[in-house]
Amino acid sequence: MKIGVLTGGGDCPGLNAVIRAIVRKGTFHYGDQFVGFLEGWRGVQDNKAEVLDLAKVSGILPRGGTILRTSRTNPAKREGGLQRCIDNLKRHGCEALIAIGGDDTMSVAQKLFELGVKVVSVPKTIDNDLSGTDFCFGFDTAVEIATEAIDRVHTTAEAHNRVIVVEVMGRDSGWIAIYSGLAGGADVILIPEKPFELEDVAEAIRLRHSRGRYFSIVVVAEGAKVAEHSSDNVTLDITKDEFGHVRLGGIGNLLAKEIEKRTGFETRAVVLGHVQRGGSPTAFDRVLGTRYGSGAIDMVHRGEFGKMAALRGTEIVAIPIKDALSENRKVDQALIDVALGLHDKIGGEARREVIQST
Ligand code: F6P
């Protein structure tokens, strides 16, 4: 069978593990041939493609990024874009397509499926917020990187009697923030799911310092919202990409200024940004990516089209792409409760918007 493969949206570590597993299992077990479409949907729409074979996937397992490169191109937003995708798939003789990407990539996959293209998808987002699957590959690597950064800022914050705010990725959900905040022992963790009051953050830090501590670590997701600011996101650029997203960023610096102003404690901000998406994947992400790739090629041969490979517990299963698109997966309240349980209450009352310091 001839199968097209693409990677779309923001990259994340483990994409190459997925591609490698698809090509190796497809070649060795099913006798498949592959066409690699370059730069996400742009490659399918504009016919940028190359042969994807065993030689191309050799040695890529530990590499970050994606050998197919990626983009946020949305053919559904271009005149005739979807039809051009269909025509180019035919031109290459592709009988099926595996789209590796997040909700944006999958929304196009679903549209093409409805137009008759045999599509299977693999969930990818560093933010770990896709519905229908327990974990996305790349998330574990991002958490490792953020945790190491938090460990490092701990020692410099302690040396200087400072508050340090670490801004991590997480547009609509705070998975990276809460995992790295828990792993790194952060004093305050702020996530998009819980808009917060600046004064609550300041009070949590004052309380901690009143007990003899002289430094604090705050972890904030880029998409966390300040209640007083009408819960708007803090943005670097309000120009929207082809999927309607603005560029988030700046909440860390805003918080640092407010904390210093309100508490009098010297405060600095560190923005981790794309460092979290770069470099070699962890062993966990290499294995998870390999399992997703292997699951996806099996799904193609079982004829499970319009479906996404999903991790449910310890199994890779096939679920409708539509289910994964239905909503954004938020941080579980149970995990928030774990973090809250480690900390004191302010004034005898738990303020659930902020995970408070001791
Ligand atoms: O969607 C994943 C994500 O990493 C978000 O956390 C972040 O806001 C965005 O991508 C950054 O996108 P870009 O790579 O286009 O700057």
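These legends describe close-up views of a predicted model of a protein chain with its ligand.

**View 1. Residues around the ligand.** The residues around the ligand are Arg72, Ile126, Asp127, Met169, Gly170, Arg171, Glu222, His274 and Arg277.

View 2. Arg277 places a polar side-chain atom 2.7 Å from an oxygen atom of the ligand. For Asp127, the distance between a side-chain N or O atom and a ligand oxygen atom is 2.8 Å. In the case of His274, an N or O atom of the side chain is 3.0 Å from an oxygen atom of the ligand. On its own the ligand has 400 Å² of accessible area, and the protein covers 77% of this.

**View 3. The pocket and the two domains.** The largest pocket holds the ligand. Because domain 1 (2-137 + 281-324) and domain 2 (139-277 + 331-356) both contribute residues to the shell around the ligand, the ligand lies between these domains.

**View 4. Contact between the domains.** The protein chain is divided into domain 1, with segments 2-137 and 281-324, and domain 2, with segments 139-277 and 331-356. In this division, 33 Å separates the C-alpha centres of domain 1 and domain 2. Contact between the two involves 23 residues of domain 1 and 19 residues of domain 2.

Key:
Residues numbered from 1 in each chain as written. Predicted model: local features only at pLDDT ≥ 70, side-chain atom pairs only at ≥ 80, totals over all residues. Heavy atoms only, no water. Near = heavy atom within 4 Å. Polar contact = N/O pair within 3.5 Å; in protein donor to acceptor, adjacent residues only side chain to side chain. Areas by Shrake-Rupley, 256 points an atom, 1.4 Å probe, with all protein chains shown as cover. 1 Å grid on protein atoms, 1.4 Å probe; cavity = no way out; pocket = protein on both sides within 12 Å on 5 of 7 lines; lining within 4 Å. Sits in = over half its atoms within 2 Å of the grid points. Domains from an automatic or database assignment. Contact = heavy atoms within 4.5 Å.
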